[in-house]
Amino acid sequence: MLGRIMDNQLLISGLLQHADFTSGDREIVTRTVEGPIHRYTYHDAHKRARQMANALQALGVQLGDRIATMAWNTYRHFEVYYAVSGIGAVTHTLNPRLHASQLAYIMNHAEDAFVFVDLNLISLIENVADELRGLKGVIVMTDRDHMPETTLANVYCYEELIDSHSDEFEWPRFDENTASSLCYTSGTTGNPKGALFSHRSTMIHAYASALPDVLHMGESEVILPVVPMFHVNAWGIPYGATMVGAKLVFPGPKLDGASIHELLVQEDVTFAAGVPTIWLMLLAHWRETSSSAPALKRTVIGGSACPESMIREFQDDYGVEVRHAWGMTETSPLGSVSIPKPSMTDDATRLRKQTKQGRPVFGVEMRITDDAGKALPHDGKAFGDLQVRGPWIIDNYFKMDQSDAHSPDGWFATGDVATIDPDGYMEITDRSKDVIKSGGEWISSIEIENLAVSHPDVTQAAVIGVPHPKWDERPLLVVVPADGKSPSHAELTAFLSDKLAKWCLPDDTVYIDELPLGATGKVLKTKLREQFGDHKLPTA
Ligand code: ADP
């Protein structure tokens, strides 16, 4: 017997419509690409998204068409999210840090029909324009006065498109399983693969993200997503924040510590989200200028492991709660969040739990398995492949017939290696390809890295496995020293030795000016292995 409830479809357009109705006067503030601060309201955003929806339909955009964006976090990008998905087309966000060959590959693979591009990113599209098959036009996200000279064909001005269309628009209704947005993983090996989200998956993810023990979003919050809208939809914040009518603050192209600090203070931001590298810059700025952001209550940190020293500095020195979160493009991305349980009252226990990647958000099921696919115990010691399933986790990649990332019983294999403790906290010990195999035992590179960066003379650290005649592989520590410092290998191992088992200590240390970062701001261990893979260890 079925329940007697309306079968209304969960559609993304409903979010903005709702925010206009309930929180129409709540602000959306942007540091624009042109420079000045722009402010308007959910009511204005909804009106302009409807105008853009009319414009897109006039350009011939149809249900299912892929429409790309190459853009920073701004109010115009926000409007495009809603206009494109709202008419049933697919918002395909492009990462400006991708290599030109990858960009051309992705745009052709997605068959993008139009691309929205920010003023200072046009050259990236110009560079690949000759290779793009099927692109019908380019919309430059600015007004007439700022329109640049360009070699591109079929160029439109964003503000002119909006101005020339009415805001009379009825959002269409369609199946909630319709594709809404597309994001390619950076693909450190092989070609990038597309995660294709649906209206349904995005909406359920938005409900979950707003929960108090997830991102804690509500109308009274002022939210600054530093995490880019081109990286897994800024972790879903443009949807979740709209669902609850929170004030949104978009940082535009300026992501340095001083610029982020300025927005945090001027707009009384209560909650900000980003990867650890962004917070390193902000914390350095605060230290150098003896400043802070008094209204800031909470940061969500994810994308890479958040070191304990960062959690401590935010919480102890500035009173900002850290929520360490784990996820990936394929998981929309929220998978788990680490918040200590109310029963955990002891500071050391709370901190230890926060360095883990946390407990799954309701909707995500999690398990760790051995090589044979057998589930491993939750004892905090056994580690294996982390697998997940749930209503916002991909069941395949875009345009792929078969996935090599799914188990025979339908779980998604994340490629992460993890433990799960008896309290339900998951801890990533490595990417499976980064794990160091020493004499049949696995050494966690993340654990060593997190401890190494808490040394005062170390700014950043990475650990890779290098070949060893006896042990197969041994850890090599790669360090970016703090300004003017040169910590020796002996000093560093002495520092690590009371925190790590002896056989996990790095065999040698090498120094580097900066760590190579990939398109999503993560350390490229492939590059480090190319550079230091044949490093001769003193123990070899
Ligand atoms: P890409 O795969 O394109 O680099 P993703 O954001 O999808 O970008 O990366 C997901 C991966 O990032 C995860 O599988 C995991 O290895 C890593 N990751 C994400 N969050 C954390 C975290 N809190 N701690 C450790 N690793 C993390």
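Predicted model: local features only at pLDDT ≥ 70, side-chain atom pairs only at ≥ 80, totals over all residues.
Reader: What makes strand E2 and strand E16 edge strands?
Author: Start with the open sheet of nine strands, ordered E2-E1-E11-E10-E12-E13-E14-E15-E16, with mixed pairing. Strand E2 (37-41) and strand E16 (359-360) each have a single partner strand, so one side of each is left without a neighbour in the sheet.

Reader: How do you know that E10 and E11 are paired?
Author: Pairing needs at least two bridges, and two bridges join E10 (residues 222-225) to E11 (residues 247-250), so they count as paired. The strands run parallel. Look for Val222, whose bridge partner in E11 is Lys247.

Reader: Why is H7 called roughly perpendicular to H9?
Author: Helix H7 (residues 199-210) and helix H9 (residues 237-244) pack at about 65°, with their axes 8 Å apart. Roughly perpendicular covers 65 to 115 degrees, so H7 gets that label relative to H9. The crossing of H7 past H9 is right-handed.

Reader: Which residues in H7 and H9 meet there, and what are they like by class?
Author: From H7 come Thr202, Met203, Ala206, Tyr207, Ser209 and Ala210, and they meet Tyr239, Gly240, Met243 and Val244 in H9. By class, the contact has seven nonpolar, three polar and no charged residues.

Technical notes. Residues numbered from 1 in each chain as written. Heavy atoms only, no water. Helix = DSSP H or I, 4+ residues; strand = E, 2+ residues; numbered from the N terminus. Axes fitted to C-alpha atoms, helices over the stretch in contact; angles between N-to-C directions. Parallel < 35°, antiparallel > 145°, perpendicular 65-115°, else oblique. Left-handed = near helix turned anticlockwise from the far one by under 90°. Contact = heavy atoms within 4.5 Å. Nonpolar A, V, L, I, M, F, W, Y, C, P; charged D, E, K, R; others polar.
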